[in-house]
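Please keep the sequence and the view at hand as you read.

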Amino acid sequence: MLTKCMFSGSGGQGSALMAKLVCLAAIREGLKVVMTQTYGIEQRGGDSTAYVIVSDEPIGSPIVEKDATLAVALSKSIYDLCFEGSAPGGSLFYNSSLVEEPRQPDGFEQIGLPVSDMAMKVGSVRAANMVMLGAVLGRSGLLRLESVEEALKETMGAKKPALLEMNIKALHAGYEAGREG
Amino acid sequence: MSQETLFLKNTETFAESMARCGVKYHFAYPITPATDVMKRTAVILPRYGGTMMQMESELAVSSALAGAACSGKLAATSSSGPGMSLMQEAVSFMAGAELPCIMLDSMRVGPGDGDIVGAQSDYYMATRGGGHGDYHVPVLAPASGQEIVELMPRGIRLAYVYRTPVLFVIDGVTAQTTESATLPEYHDYAADYDVSDWAYTGTGKHPKRALITGSYAHEDGFQMNERLRRKYERITEAEQLWEEDSVADAELVVAAFGIHGRMCKDLVRALRAEGKKVGSIRPISLWPFPQKAFDALPDTVRQVLVVEMNHGQMVDDVRLALNGRVPVHFFGKTGGDMPMYTLHEMIAKTNSLLGE
């Protein structure tokens, strides 16, 4: 099993946190993970992408080369990069609250979810990343929901208990939507 | 600290590995992409009875390193190309004075200040000594976080058994990659070696005299260099290290170290799946260069491709090792937003050499 992922969004949307949680949860499940960062000069509010490879055996090339089998676009400005970075047979999850005119995919499936709107319903638009992460888990079965929940508690629990509850709610809302979708 | 699996930047894994294997003093000056090593040792070394000290420059770093090494304690530094250049005078001294230490060059694009993105541009500096004089330092090139962990005890053994600086080189892309690594329980490997016959251990209770010097005259100079020559011959014979994959019946062998070497695992798998007889050699000790791996190549091998994140440095050693047996091709790139060739580009290059 080897899954190449890209988690993309605009600065502050929390795509890097999604990637980190996937890595921490995968380690809990005894899997190997590699995360690489985007190159170039980053700026506040600019787009950001975290690349993650999850595997049940030692990982060879750590670089995701426009061959993501699981891509996530949280914002409109990063959508094209994710669309072009998706591999045949892969899945592209996009935030349909912000990406209004998705392109027609050729060879990979595309799943649009209004994660910004869904996040507002559970408390804050800032939890859109957790709704999306839940949806990815529900749809792909990449990792167990419980592993990610534990990783979330480990990362956020001690410092921000109030935010933790909302983020877990968001994660669950996304998970249910992912399983249904 | 007990054994545990952590999710760390590989620079942080380097710091953890040093601390858990007995490095007591870490001297450093900040530089991308090596700063994360000192940030972590600053926090963790005190837990193991050690300390990180930020010096005012790499010149001071290397002098402190040499001074600490005189005490027989395990000292280390971490830097990148521009910093390593500044340290070479002290490294040459330590080679001559036969002082053990651990160094990391987290390589970036050069020459000059160059660029902060990862590269393998310091292969020459690492493997040709770096400073003045007839000397070498053992060079280890881990290709992943886990391999950093596995090689640290070996590096310390080399440093003490042969009384020499030992250099780890990691391309900046690998250095800044974040991945899972299982870290060992604490063990002070340096404490396994008796340094009492040469180290400065103080005169309070031990009124012995010891002389540590890199300065020799006439016959002494000849004898010192002969001693170093014999030492380097022993290291060359005993300490070559590499990983190879599917070489036994290969027609084309790809040779690469660090991240490109790691990528060869996928390259060989992809091309073997198409029935192409491709294998790979990943040098792990860059000095001594794994000559034995190339001596043992079967007659089936028609050509060798060397891939590097530079404009052709290790390729020289591959050509020397093969001594004209088969053609050696080079494929390398340095700098830019993607400062290396991708796996797809490596596969395409290999296919073109196979005539496809």
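Strand β3 (47–55) of chain A is mostly covered, with seven of its nine residues buried; buried means under 20% relative accessible area, with over 50% exposed and partly exposed in between (1.4 Å probe, protein chains only). Strands here are DSSP runs of E with at least two residues, while helices are runs of H or I with at least four, numbered from the N terminus. This is a predicted model, in which local features need pLDDT of at least 70 and side-chain atom pairs count only at pLDDT 80 or more, while totals for chains, interfaces and linings use all residues. Residues are numbered from 1 along each chain as its sequence is written, chains are lettered from A in the order in which they are written, and side-chain values use heavy atoms, leaving out hydrogens and water.

What does β3(A) pair with? Strand β1(A), residues 2–10, runs antiparallel to β3(A) and is joined to it by nine bridges; two strands pair if DSSP finds at least two bridges between them. In this pairing, Cys5(A) is found opposite Val52(A). Strand β2(A) is antiparallel to β3(A) too, through six bridges, and there Lys32(A) faces Ser55(A).

Now to the open space. A pocket is an open set of points on a 1 Å grid over the protein atoms alone, with protein on both sides within 12 Å along at least five of seven lines, and its lining residues have an atom within 4 Å of a point. The largest pocket holds about 690 Å³, where a volume is the space filled by probe spheres set on the points, joined across faces, edges and corners. Of its 30 lining residues, Ala16(A), Leu17(A), Lys20(A), Met35(A) and Phe7(B) lie nearest the centre. Helix α1(A) gives the largest share, seven residues, and β3(A) is among the elements that supply at least two.

Next come the cavities, sets of points where a 1.4 Å probe fits but cannot get out. There are three of 30 Å³ or more. The largest has about 50 Å³, and α4(B) provides three residues, the largest share of its lining.
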